[in-house]
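My entries follow in the order in which I looked.

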Amino acid sequence: MMDFFYRCIECGKQFDITPDRMVCPSCSEKQKKDEPLKGVLEVGIEGRLKKEWDIFDLLPVEKKYFPPIPVGNTPLWEPENLRKETGFERLYIKDDSLNPTASLKDRASYLVAAFALREKIKDITVASTGNAASSMAGVGAAGGLNIKIFIPASAPEAKRVQALQYGAEVTEVDGNYDMAYDLSLEYTKKHGSLSRNTAYNPLTIEGKKTAALEIFRQLGLTDGRTVGKTVGLAPDYVFVPTGDGVILGGMYKGFEDLQRMGLVDRIPTMYAVQATGSNAISYAFREGNFRPDYSSKTVADSIAVDIPRNGYHALKCLKKYDGRCVEVTDSEILAAQRRLASTSGLFAEPAASSALAGFLKTKDEIPPESRVVLLITGNGLKDIGAALRGLSETNP
Ligand SMILES: [Zn+2]
């Protein structure tokens with residue numbers, strides 16, 4: 001049996017996992033506008049895994065509450081042409097565009113929906129640049145939940161249409177993600193629904209860790225490694241498209257859990273890949289502080305954020321585990337999108353393609369025998385406008 005609780009990443013204080021607990025009350029008192037979230041909570045785990053375990057054993061909501069929609073278990077590709085072209089024979093792609101709503105965000109929505117169902121909550125609210133909205137709408141639909149979405153009017157049309165098809169109530173905000181975020185929290189407070197805002201609801205970070213747990217298992221199968229009774233292996237490097245730092249935090253959390261359970265002896269080196277036009281975490285990693293006057297601009301809408309909500313947590317993990325940041329331009333992202341599609345048959349959205357762009361930019365500093373995983377977070381059909389631009393601006 002495992003015990004789960006919330007723990008503040010700043011002061012270490014512990015809390016029960018309840019619907020009204022989102023951030024640490026004392027640390028969040030110091031919250032200023034225009035800076036990352038203070039008092040982000042992570043899920044602490046105590047106990048020992050059974051010899052035959054499954055991923056649900058490491059999640060704080062029991063398996064029976066998860067809605068009937070096949071989230072996760074996405075494939076780990078072995079991209080032969082890219083391997084040859086780059087000289088990395090152990091290059092892998094974790095293809096999370098194959099989740100039900102075509103993005104990695106389903107992992108967070110899945111856990112939040114299961115928690116709502118366990119707590120008998122019917123309404124979930126979310127602010128999103130697009131993917132979290134369509135994801136929560138789809139996964140919520142499978143769970144019979146009511147989903148209310150606040151989305152910037154500039155979000156790609158496909159993501160909005162997806163959310164509407166799934167039956168969500170969509171409010172378009174004439175402004176950026178931060179405005180949508182504030183409006184959604186006002187709505188949550190007024191109507192008492194559960195917030196799925198990324199980083200603010202700790203289960204969003206926790207849900208995304210399952211990508212790391214799956215990579216561990218899949219690499220073990222490919223490379224024939226066993227740890228005790230578990231087949232598994234941690235990669236050496238993971239390239240993670242990074243906007244607000246939640247997916248990055250989730251990936252670290254997955255490997256940290258595996259380390260706590262004695263299944264890996266070290267945490268992979270993560271590369272946080274940011275767009276040069278949305279580089280808040282990379283800037284803070286380099287300069288030591290977050291800029292207050294930030295304004296993002298990039299073709300990769302899913303990693304375009306002004307305030308990286310999970311910035312403090314992401315930075316803490318990068319420093320603790322000797323992670324790295326790499327920035328890529330929009331043209332590098334669009335070229336990588338086209339290269340990934342034309343060499344591997346995987347059509348990823350620009351944010352997801354940044355993983356390949358970041359790898360191509362830094363591969364000379366990585367030993368070529370390393371096991372490298374590119375995390376592909378969303379499908380290219382979600383933003384045809386950007387892909388069209390890539391066709392005219394880049395060479396195949
Ligand atoms: Zn605290």
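I began with strand 1 (residues 2-8) and strand 3, which run antiparallel and are joined by 7 bridges. Within this pair I found R7 opposite E42 of strand 3. Helix 9 packs on the sheet and touches strand 1 and strand 3, its direction making about 20 degrees with that of strand 3. Helices (H or I, at least four residues) and strands (E, at least two) are DSSP runs numbered from the N terminus, and two strands pair if DSSP finds at least two bridges between them. Contact means heavy atoms within 4.5 Å. I noted that this is a predicted model, in which local features need pLDDT of at least 70 and side-chain atom pairs count only at pLDDT 80 or more, while totals for chains, interfaces and linings use all residues. Residues are numbered from 1 along each chain as its sequence is written, and side-chain values use heavy atoms, with hydrogens and water left out.

The sheet is open, with 3 strands in the order 2-1-3 and antiparallel pairing. Strand 2 (14-15) and strand 3 (41-47) stand at its edges with a single partner strand each, so one side of each is left without a neighbour in the sheet.

I then followed an open sheet of 6 strands, which has the order 4-5-15-12-13-14 and mixed pairing. Its edges are strand 4 (76-77) and strand 14 (324-328); each has a single partner strand, so one side of each is left without a neighbour in the sheet. Strand 12 (residues 237-241) and strand 15 (residues 372-376) run parallel and are joined by 3 bridges, and I noted L374 in strand 15 as the bridge partner of F239. Helix 10 (residues 280-287) lies across strand 13 (269-275) and strand 14, running at about 130 degrees to strand 14. Axes are lines fitted to C-alpha atoms, for helices over the stretch in contact, and angles run from 0 to 180 degrees between N-to-C directions.

At what angle do the axes of helix 12 and helix 13 cross? The axes of helix 12 (residues 330-344) and helix 13 (residues 350-362) cross at roughly 95 degrees and come within 7 Å. That makes helix 12 roughly perpendicular to helix 13, a label given to angles of 65 to 115 degrees. Among the residues that meet are I333, A336 and L340 in helix 12 and L356, A357 and L360 in helix 13.

I finished with the cavities, of which a search of the whole structure finds 4 of 30 Å³ or more. On a 1 Å grid over the protein atoms alone, a cavity is a set of points where a 1.4 Å probe fits but cannot get out, and lining residues have an atom within 4 Å of a point. A volume is the space filled by probe spheres set on the points, which are joined across faces, edges and corners.

The largest cavity holds about 160 Å³ of space. Its lining has 18 residues, with K105, P241, I247, S302 and I303 nearest the centre, and helix 9 (residues 246-260) gives the largest share, 3 residues. The second largest cavity holds about 110 Å³, and its lining residues include K105, Y177, R196, D244 and S302.

Note on methods. Angles under 35 degrees count as roughly parallel, over 145 as roughly antiparallel, 65 to 115 as roughly perpendicular and the rest as oblique. On a 1 Å grid over the protein atoms alone, a cavity is a set of points where a 1.4 Å probe fits but cannot get out, and a pocket is an open set with protein on both sides within 12 Å along at least five of seven lines; lining residues have an atom within 4 Å of a point.
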